[in-house]
Amino acid sequence: MRRNIVKEKLFINGKWIETDTTHKIYNKYTGELFSEVCVADERLVDQAVEAAVYAHKNTLFLPEHRYTVLMRTAELLLESSEEFAKIIAQEGGKPITDAKVEVNRSMSTLKIAADETKKLVGEIIPNYNVPGRFMYTVKKPVGVVAAITPFNFPLNLVVHKVAPALAAGNPVIIKPASDTATTAIKLCKLLEKAGVPNGYVQCVVGSGSTVGEQLLRDERIAHYTFTGSPAVGKHIRKTIGLRKATLELGSNSATIVHSDANVGKAAMRLAKMSFSHAGQICISVQRIFVQESIQEKFLEKFLKEVSLLKVGDPLDPDTVVGPMINESEAKRIEQWVREAKEGGAEILIGGTREGNIFHPTVITNVRKGMKVLDEEVFAPVVTVSTYRTIEEAIELVNDSKYGLQAGIYTSDLNLSYKIPYLLEVGGVVINDTCCYRADQMPYGGVKESGNGKEGPSYAIQDLVETVTVVVNLED
Ligand code: NDP
């Protein structure tokens, strides 16, 4: 039976706006039309910014009200969690089990951000050398925030931007990835129902090169919070001049399996986290470095686990690896794997493509200069290399233009304490893979993986202005 396709409208200044131009979103597994979203033209984007500026200047949105809106949105999300998970699975191609996890995490992100509304305090500055002056700081919202988001976590990564922006008292304009925009529009419906004031949340859909560009060039926007590719991140940095930006970009994240590791546990977890959401996670495991004495044992267990991963329909609860976001991305990684093979790499498992499904692929004998090692694969492909000493492993991890997160499996306590200081990354995970994120933790990378931290209580630091107040106590 054919589904009735509803035209999803834009949310601007508290109203739902229909446009003639639409963007068609397809089910990433079946290829059927999934939804049709209205696309904003230049005039509508301008109206959204105007409404946000107006709200910022004229609409009181007190912390207590922000708290209620965020908590109520979390409750509403709980009531519609099944619906959201199915949307994410269909428009994003994410396996339903992972889509459900994403919805649960989004609820938690909303609640963590709600708590931040109670912590927006300044501080008293010590005046040991300035008698007659009392100094303190207050925190105030930065102003209009633009949230530009990627396709791979179409709900939680939108929430990670919207919720802290609102908690800090800022109006936020969402520019979701066109491929997965239905989820963001549905989130706006919940925020509206939860009572967000007009102009404080708006959603403008359209391509990065049109709507995204217009937002970047609009000087009325005070802060950009972006998650996406390093190329677009660099472009944002160049375009916005002195205005502020939080940039969460890509990586070719690594995990070390040291000689004293629990090899069985490491192999099982690495098999899942190298291929979850078809490797389209910014901290997906891409490079595994195994100490040479345990390589054989590790590979035997790892390849067995990989061979058991179910590939296919995202709506099947047993599926671990679904389709990639589109066929051209699957063809791109097929080409990268072919190039690696031609350069002497060995494919231990996988390497095949059916439409936009790329089968879980493990490659060994890789070397510098190969894209599968040096660039972000953002696909279900992982490389396995060996090292002799831990110093060598650390050098291998750091030999990357990226630095988001790294993992290490070891039972050496001293090494566990030392290694966070030695790895050039924003986060180190001990006895788990690099692909781990809890929503309250500070999260963000170094080098070309971006700058600034997410996690509501860290993100909010960039979303408030610290104003210093000096009171002259002398006559
Ligand atoms: P893209 O960089 O292609 O797109 C991200 C967003 O930016 C989309 O909304 C896109 O719009 C928009 N955009 C594209 N061009 C411009 C432009 N010129 N001006 C303004 N906005 C623009 O990333 P993907 O969606 O493909 O996501 C994958 C990338 O995201 C990977 O590199 C991944 O590592 C990274 N990522 C990082 C995370 C982190 O926390 N560090 C987490 C998740 C993903 P549209 O697509 O509609 O054209």
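**Entry 1: ligand contacts**

I began with Gly 228, where a polar backbone atom lies 3.4 Å from an oxygen atom of the ligand. I note here that this is a predicted model. I then checked Phe 151. One of its polar backbone atoms is 3.3 Å from a ligand oxygen atom. Next I looked up Glu 376. Here a polar side-chain atom lies 2.4 Å from an oxygen atom of the ligand.

I asked how much of the ligand the protein buries. Taken alone, the ligand exposes 910 Å², and the protein buries 85% of that.

**Entry 2: the shell around the ligand**

I listed the residues around the ligand and found 31. Those that come nearest are Ser 178, Ser 229, Leu 249, Cys 282 and Glu 376. I had already logged Glu 376 for its side-chain atom 2.4 Å from a ligand oxygen.

I sorted the shell by class. It has 15 nonpolar, 12 polar and four charged residues.

Where does the ligand sit? I find it in the largest pocket.

**Entry 3: the largest pocket**

I looked up the volume of the largest pocket. About 790 Å³ of space lies in it. I count 36 lining residues, and the closest to the pocket centre are Pro 150, Phe 151, Gly 228, Ser 229 and Val 232.

The largest share, five residues, comes from H7. By class, I get 15 nonpolar, 14 polar and seven charged residues in the lining.

**Entry 4: the second largest pocket**

I went on to the second largest pocket. About 440 Å³ of space lies there. It is lined by 24 residues. Closest to its centre I find Arg 105, Phe 153, Met 273, Ile 281 and Cys 435.

The elements that give two or more residues to this lining are helix H4 (96-116), helix H5 (156-167) and helix H9 (263-273). Which of the elements gives the largest share? I find that H4 does, with four residues.

I sorted this lining by class as well. It divides into 10 nonpolar, five polar and nine charged residues.

How values were computed: Residues numbered from 1 in each chain as written. Predicted model: local features only at pLDDT ≥ 70, side-chain atom pairs only at ≥ 80, totals over all residues. Heavy atoms only, no water. Near = heavy atom within 4 Å. Polar contact = N/O pair within 3.5 Å; in protein donor to acceptor, adjacent residues only side chain to side chain. Areas by Shrake-Rupley, 256 points an atom, 1.4 Å probe, with all protein chains shown as cover. 1 Å grid on protein atoms, 1.4 Å probe; cavity = no way out; pocket = protein on both sides within 12 Å on 5 of 7 lines; lining within 4 Å. Sits in = over half its atoms within 2 Å of the grid points. Nonpolar A, V, L, I, M, F, W, Y, C, P; charged D, E, K, R; others polar. Points joined across faces, edges and corners; volume = space filled by probe spheres on them.
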